[in-house]
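Have a look at it first, then read through the points.

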Amino acid sequence: MTPSAITPAARGTRRKPASAASGGTAERERGRKAPASSSRSGGHVTKVRRQTAPRAPRRVSGPLSGRTRQQTAGTATAPARVRAPRRPASRQASGTPLLARSAAFVRALPDHSLLDRIVRGRAWIPLIGVLLAGIVAMQVEVLKLNAGIGRSLVRGSALQSQNALLRAQVATLADDQRIETKAAQMGMVMPAPGSIKFLSLGNTVALQRALTSFHQPDGSAFTSDLTAAGLGPGSSSSASTDSGSASTDSGSASTPDSTSSLPESSDVASSDGTTAAASPGATPAAAPTTTTPDGSSTGSVAP
Amino acid sequence: MAAIDRRVGYIFLGFLALLAVAVTRAVYLGVIKAPTLQQAAVSQQITETPIPAPRGTITDRNGVELAISEPADEVIADPHLITQPQAMAQVVAPLLHMPTLSVLVALTKPHTGYSPIAREVPAAAAQRVMNLNINGISMTPDLKRVYPRSWEAAQILGGVNAAGDGDSGLEYYYDNVLQGQAGERKIVSDARGQAIAVDDVKPMQSGRTVQLTVDAALQDEVEQVLAGVGAQYSPKNATAIVMNPDNGSILALANWPRVNANDPGGAPASADEDQAVQFSYEPGSTFKAVTVSGALQDGVVTPDTELNIPSVLQVADRQIHDAENHPDETLSVAQVLKVSSNIGADEIGMRVGPQRFDYWVHRFGFGSPTRVDLPGEQQGIVLHYQQYSGSSMGNLPMGQGESVTPIQMATAYSAIANGGILRPAHIVQTIGGKAQAPPAGHRIISPTTAAEVRDMLRGVLADGGTASGAGIPGYDLAGKTGTANVVVNGKYSDSEYVASFIGMVPASAPKLVVAVMVDEPQGSIYGGSVAAPAFQKIVGWAVPYLGISPNPAHVDTSDQNPIQP
C-alpha cells in the first residue's frame, strides 16, 4: 500500500465527520488497514451499512503486528477513520514525476471504491452464471462451426470433384473432331486446301461478283433445315459423339439432302466437282477474301 | 416426526447407494477400461484420410485441356467383416460394372483385411456402392488421369502408371512438375458420424500446369491428315511436325498409327513411340538442302552454278543413278534441288569435300540430339569424315548413309527458314504459368545463304519440280521431297522406302515449317506423291487458321472467275 493510497476505511468514513474516530490516531494509522473482524461485528455493521456509512474496512494481508491494538482487539464498533493526508498541490504538480504518479494511480486502482463495490456486490453471481453459460454456448458454437467447416470442406471437395468432371466433359465436347463430325452431319463442309483461291484487288470484275454474292446469312432458314434434318434444337440428334471419322476432304464429307435448300451464301465446291452448300461460319478457311473454285480440281497432287 | 426423518434417511441412503454405484461404474470405465475405450473412441471418432494431389493439367497453347486429373475412388473390402460375400458380390458387381465373380474373389480373399475391389472407379459409381452401407466395404479417394481428347497427341502426352507417376511422353519428362504433393486430413466425428472438426494435417499441393506450344486444333488436323495417309498408303508408321521456325516451338506433332491415350494397352507397343524423336531413318533427298547450304556457305557453288550431270556417276565401287534415267545433261544447283538429282547432289558434295561436308552435317545438328523437351530422343547416326569409305561421298550428300530423326530434319529446315539460326525445338511454353525461355540458337549459315536455299526450294513446288502439285493457291511455298531406300539386312531395299517432304510457308519469310515422314508406304513410294499432299493439306488448313496472309504475287489475277454467282 502506498502512502498516498486512500485506505478502504478512510474511504468508508470519508462521508462522516472525523469525530467518529479518534483524531489523534488518524495520523498514526495512516496507510494502515482496520482489522477485518471489526467489519463483521454483528448487526451493528449491517446497520451502519444501511445508513450507507461507514463501511467495513477491507481485509488486508500482512503482519498483524503493525496494526493498532484497538483494531486487533476487535472491540471497535466503528472502523477506524483513516484519512490520507493530502500532499501539497505544488509538490504533486511539480515534485512527483508523471511516471511515478501514474504508477501510483495504477497501484491504487485495486482499492478504488467503485471496484470495491463491484467486487462485493451480488451482481457477480448472475454475471458469472451468464459467463459460464456463455462459455458453454461458445463451445457449442465452436463445435457447430467446426461441423460447418467439416461440411464445407466435404462439400468443397465434392464440388472440386464435380468441377474436374465437368472440365473433362467440356474438353471432350470441345474436341475439334467431334465438332467437325457434327458439322458434317449438319451439312457443313471443310474446303479442300487447293479449293480456296484469293482474288487480286486489281481484278475488279471478280471482286464485283464476289461482293454481289455476299449477303446476310439467313439463320432461321438454316435452323429450319437442321430441324428438318433432325439435327436442330429440340430434335433428338442421332449424331454419334465419337470422333475421328471426319475427313478434311470436302468431297468425302457427308452432305444431307436437305443442304440443297440451304442459303446460297457461300457455295463451296468439293474437290470432286460437286457443289455443296455450306452454311456461314462453317468454313473458317473460306473467309470473305476467299472464293470457291469453279468446279475444277486444283488441290490434287500428281503421284 | 421420527418416522418422517427415518424415511428421509432411507431415501438419502438409497440415493447414496445409487451414487456409489455410479461412482463405481465411472471408476471402472474411467480407470480400468479407460485405455480400451480411449482407443475405441479414437478409432471411431478420428479419421485420417489422404488428400490425393491432382497432377498438373497439360494444355495446348490456347488452354485447351489435353490431360487432366479426374476424381475417382478405390473401392476396398475388408473380408473379415463381410458376412454374406455372395449376396454382397451380386449387389456390388453391377454398380461397378464388374463380373460378380471378380467381386466375390475380392470379398473372400483370405488372411487379409485389405482387398481392393476396383480402382479408378468414377466418383458417382463409388458413391452408389457406399450408399449400400455394407459393413466391410469402404472407399479411398483417388485420382484418375484422363485425356479428354483420347486420341489427340497421345504419343506426345504419354501416360501414367498405376501409381500415378509419369510413365511415358511428357507425363514422364515433366513428372517432377506435374506431380503434386498429397496431403492428409484429420476428421473428428461425433457419435452420429458427423464431422465436428476437420484439420488438414498436411496440406495438399496440386501439380503445376504445363502449357504446350502445340495448338490443339492444328494438331487435330495434322493427325487427321496422317490418318488419311495411313488409310491410303498403309505405311508402317508416319509422323508430321509443324514448327514455328522463328522460335523453334512445335505447333503440332502427330504420329500414325494413333493411340488412344485413355487406353494405351489397346495399341501395339510400337505405336506408343513418338516417331518424331524416336525414329531414325535415312533422309534421302531432303538432305540435299543441307549439302547445298554448306556448299553455298563455303562458296564452292552458287545457285546458278552449272553442273555436268552424267546419266551414271561412278564413285569408288558404287554407281549413282538419278530417279529417272536421263542422258548426260547440265543442271544448275537450283535445278539439282528442283528435280532432286542424286548425281548433282553428289557432285556438289564432292566440291565441298569430305571434311567440310562432315562439318556441315554436324553444324546442322545431325549426329546429336536436338535437346527438344521430349523423352527418348534419338541422335541418329552420322559418321565422322575419317570413317568415310571411298564411296561415302557418293551417297552421303544425297541423303544416304546417315541416319537422322524427323525432328532433326525439321530443326535443320527451320534454320534455313529463319535465316540461318539453328534453334532447338521445344514443346513447352509455360510451367505453372511461368513462361519458359525458348532455347537459345546459334547461327549456322548466313541469311543470304538461307534465302538462296529457300529460293531454290521454291522450284520443287513449281512446275517441273518433284512436288509441283503440292502448291497452295495464293501462297509462296518452298520445300523438298525425299524418297529413301530402307536398309534391310545391311542392303538397300528395292521395295521399302521412306517418303518424306519438308516445306515452309511463305518461302520469303517462313512462318511455318512442316515435315512429313511416311515409313514404308504401300502403293506409292515417292515423297512427292505420298508426303507432299499431306504437307499441302496441313499447310492449306493452317495458313488461314493461323492468319498467314497470302502472297499478293501468287494471287490469281486471271480474269477467270471462280465465283458461282
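1. A word on terms: domain bounds here come from an automatic or database domain assignment. Chain B splits into domain 1 (48–94 + 116–212) and domain 2 (216–549), and their centres, taken over C-alpha atoms, are 44 Å apart.

2. Some housekeeping. This is a predicted model, where local features need pLDDT of at least 70, side-chain atom pairs count only at pLDDT 80 or more, and totals for chains, interfaces and linings use all residues. Residues are numbered from 1 along each chain as its sequence is written, with chains lettered from A and ligands numbered from 1 in the order in which they are written.

3. Now, where do the two domains meet? Domain 1 of chain B puts 26 residues into the contact and domain 2 of chain B puts in 25 (contact: C-beta atoms, placed from the backbone, within 7 Å).

4. Next, the nonpolar core (buried Ala, Val, Leu, Ile, Met, Phe, Trp, Tyr and Cys residues joined through C-beta atoms within 7 Å; buried means 20 or more other C-beta atoms within 10 Å of a residue's own). The largest has 132 residues, and Tyr413(B) is one of those touching the most other members. Helix H18 (residues 527–545) of chain B gives the most, ten residues (helices are DSSP runs of H or I, at least four residues, numbered from the N terminus). Both domains of chain B contribute residues, so this core lies between them.

5. Look at Tyr413(B) itself: beyond neighbours within four places in sequence, its contacts are Ala289(B), Ile502(B), Met504(B), Val513(B) and Ala515(B).

Terms used:
Buried ≥ 20, exposed ≤ 12 C-beta atoms within 10 Å, placed from the backbone. Helix = DSSP H or I, 4+ residues; strand = E, 2+ residues; numbered from the N terminus.
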